[in-house]
Amino acid sequence: HLIVAENGGVLMSPLTRIEVVLGRKPPARLIRELENSGIRDLTVGRSIVSAQGNDADALRQVVKRLNIDWQIVPNRHDVMILPRGIDKATGITAALRELNVPFEKAIAIGDAENDAAMLRVCGLGVAVADAVPYLKEHSDLVTRQGAGRGLVEIVSQLLDESLPTSATERRGDHSLEARSSNL
């Protein structure tokens, strides 16, 4: 078992508690500048900085002013700053390789813009019913129900073997029936 955390920037084993940081630590000057710019609800992780979505412009200005190689990533009503090249696909790729699971056998389930990269690398990409429109457009399936109930819906279909075994069975078919309507 592995946990992909910090939008793909950290891989953790809940059994051993070993963490591997796949990204880089947020620079101290970045944190200082963000705090000085008036952003109050900052969360700083091992490889991520997040804030409320209404602070997106301030975050962009700081990243641009510092000329650092970090990217701004939307996440529903929040916004994150991550090292360029780090996303959920980075973490999922590392986890699947560590677990020796073929990409085409993996199922990714998401609800926000930042989940799109993860859905692309897995064999089957699923958006829950209340996902942002962008993710629904870039998924193989959309559940009938949102959030946790959408996850239960997919797991139930997987257990009763009614879920497609790969995205190739559904990719490109956007009808509600074919589409079957957060790792």
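What follows is a short chat about a predicted model.

Me: What is the mean pLDDT of the chain?
Reply: The mean is 89. Of the residues, 90% reach 70 or more.

Me: And where does pLDDT stay under 50?
Reply: Over residues 170-183. The model still has 39 contacts for that stretch beyond four places in sequence.

Me: Switching to helices. At what angle do the axes of α1 and α2 cross?
Reply: At roughly 135°. Helix α1 covers residues 28-36 and helix α2 covers residues 56-66. Their axes come within 10 Å.

Me: Why are α1 and α2 called oblique to each other?
Reply: The crossing is at roughly 135°. Angles over 145 count as roughly antiparallel and 65 to 115 as roughly perpendicular, so α1 and α2 fall in the rest, oblique.

Me: Left-handed or right-handed crossing?
Reply: The crossing of α1 and α2 is right-handed.

Me: Which residues meet there?
Reply: From α1, Arg29, Leu30, Glu33 and Leu34. From α2, Leu59, Val62, Val63, Arg65 and Leu66.

Me: New topic: Thr43. Where is its place?
Reply: Thr43 is in strand β4, residues 43-44.

Me: Is Thr43 buried, exposed or partly exposed, and why?
Reply: Partly exposed, because its relative accessible area is 49%. Exposed would need over 50%, and buried under 20%.

Me: What is Thr43 in contact with, leaving aside neighbours within four places in sequence?
Reply: Ile48, Val49 and Ser50.

Me: How far apart are Thr43 and Met80?
Reply: In sequence, 37 residues. In space, 9.2 Å, C-alpha to C-alpha.

Note on methods: Residues numbered from 1 in each chain as written. Predicted model: local features only at pLDDT ≥ 70, side-chain atom pairs only at ≥ 80, totals over all residues. Heavy atoms only, no water. pLDDT = per-residue confidence, 0-100. Contact = heavy atoms within 4.5 Å. Axes fitted to C-alpha atoms, helices over the stretch in contact; angles between N-to-C directions. Helix = DSSP H or I, 4+ residues; strand = E, 2+ residues; numbered from the N terminus. Parallel < 35°, antiparallel > 145°, perpendicular 65-115°, else oblique. Left-handed = near helix turned anticlockwise from the far one by under 90°. Buried < 20%, exposed > 50% of the residue type's maximum accessible area, 1.4 Å probe, protein only.
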